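Reader: I am new to this structure and would like to learn how to read it. Could you walk me through it, one feature at a time?

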Amino acid sequence: MGGKVRLSLGFVLLVGCLVFAGMAWGRTVAVIGDEAIEEEEVLSLLRQYTEGSDALAGVLLSRMSAEERRTYIESLADWFLLAREATLRGLRLRPDVAVFLKWNAIGILGQAYLAELQKEWDFSEAALRAQYEAHAERYADEEAVRLRWCVVPDENRAKRMLLDLLGEPLPPLPRGEENAGGVRCVDTDWLRRDALPQGVVEEIFRASPGTTGGPIPTEEGYVVFRLLQRREGRRLSFEEAGDRVRQDLRDIYLQREMERVRLKADISMDEMVLMDLGNVPAR
């Protein structure tokens, strides 16, 4: 399906204030000298906390008391005053400030473009179901296990620990318990294959609940284990996988768009600089 592309350029409240300053859309909430904070500016800033949802922004406003609203507007005015003082001192031109202004503005524009673009993307049930059926292997709970997992410094002690694990029943064990001899034991949460060291995966997933295994040499020491529970893998229903399917489809649309816009640009990199960024050689 191709690699995922996720754009996550952040933007801050201060830059939002600077971008919207002076734009008059409706009623004025506050005046700072000869500058105004307009009602629509405040609503736009609040939408940042609700992922652009007008409805949720309304809920947020409904839960704010008059004093909380006043305090929020005062905080915007404070940021505005600080930004104006920074401008008067020429801080806008300081390299470290200029780079953040530049990239926060880029982030705002990029996010706005994506928001517009997503209106054209097809997230109908038919499109989502087609994605779900075409990539069924992605929408499954993988098999997983819960273990009593012990790491022992030497092999002989690991063999003795293995005998201890055969005892019935297993007593409760605080997470991360370690005794004076350097033996570390823990009852794990559910673990999939990719969460376990390669050298122990096959033996663990061949085992049956209640059985023990090891000692297995690893970089941390000798591992012995007891399989507490096993959960078989299963395909998620369309409803269960809904959020994951939608995100994957969004990534596909975004990947196509990035391929389109990259074709319009000539992008080159200086490999010598890249390999020595900040005078730190690449690995």
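**Bonds, bridges and surface**

Author: Gladly! A disulfide joins Cys 150 to Cys 185, with 2.1 Å from S to S. Keep in mind that this is a predicted model.

Reader: What is a disulfide, in general terms?

Author: A disulfide is a covalent bond between the sulfur atoms of two cysteines. The structure here holds 1 disulfide. The link of Cys 150 and Cys 185 is right-handed, with 115 degrees about the S-S bond.

Reader: Let us turn to charged side chains. How many salt bridges are there?

Author: To read one, look for a side-chain nitrogen of Lys or Arg within 4 Å of a carboxyl oxygen of Asp or Glu. By that rule the count comes to 21 salt bridges. Take Arg 70 and Glu 67, whose side chains meet in a salt bridge at 2.9 Å, N to O.

Reader: Where do Arg 70 and Glu 67 lie along the helix?

Author: Both are in helix α4, which covers residues 66-88. Because they are 3 residues apart there, about one helical turn separates them. Arg 70 is partly exposed, with a relative accessible area of 44%, and Glu 67 is partly exposed at 47%.

Reader: Which residue forms a salt bridge with Glu 257?

Author: The partner is Arg 260, and the closest N and O atoms of the pair are 2.8 Å apart. Glu 257 and Arg 260 both sit in helix α9 (residues 242-263), again 3 residues apart, about one turn of the helix. Glu 257 counts as buried at 10% relative accessibility, whereas Arg 260 counts as partly exposed at 39%.

Reader: Which residues do salt bridges with shared partners join into one network?

Author: That network is made of Glu 143, Arg 193, Glu 202, Arg 230 and Glu 232. Let us look at one pair from it. The side chains of Glu 143 and Arg 193 meet in a salt bridge of 3.1 Å, N to O. This pair links distant parts of the chain, 50 residues apart. Glu 143 is in the loop between β3 (140-141) and β4 (144-152), while Arg 193 is in the loop between β6 (184-187) and α8 (198-206). Glu 143 is partly exposed at 25% relative accessibility, and so is Arg 193 at 28%.

Reader: One last feature, please. Which residues make the nonpolar surface patch?

Author: Met 269, Val 273, Leu 274, Met 275 and Leu 277 make a patch of about 490 Å². Among them, Met 275 is placed in the segment after α10 (271-274). Met 275 counts as partly exposed, at 42% relative accessibility.

Definitions and conventions: Residues numbered from 1 in each chain as written. Predicted model: local features only at pLDDT ≥ 70, side-chain atom pairs only at ≥ 80, totals over all residues. Heavy atoms only, no water. Helix = DSSP H or I, 4+ residues; strand = E, 2+ residues; numbered from the N terminus. Buried < 20%, exposed > 50% of the residue type's maximum accessible area, 1.4 Å probe, protein only. Disulfide = S-S within 2.5 Å. Patch = residues over 30% accessible without salt bridge, like charges linked within 9 Å, V, L, I, M, F, W, Y side chains within 5 Å. Areas by Shrake-Rupley, 256 points an atom, 1.4 Å probe, with all protein chains shown as cover.
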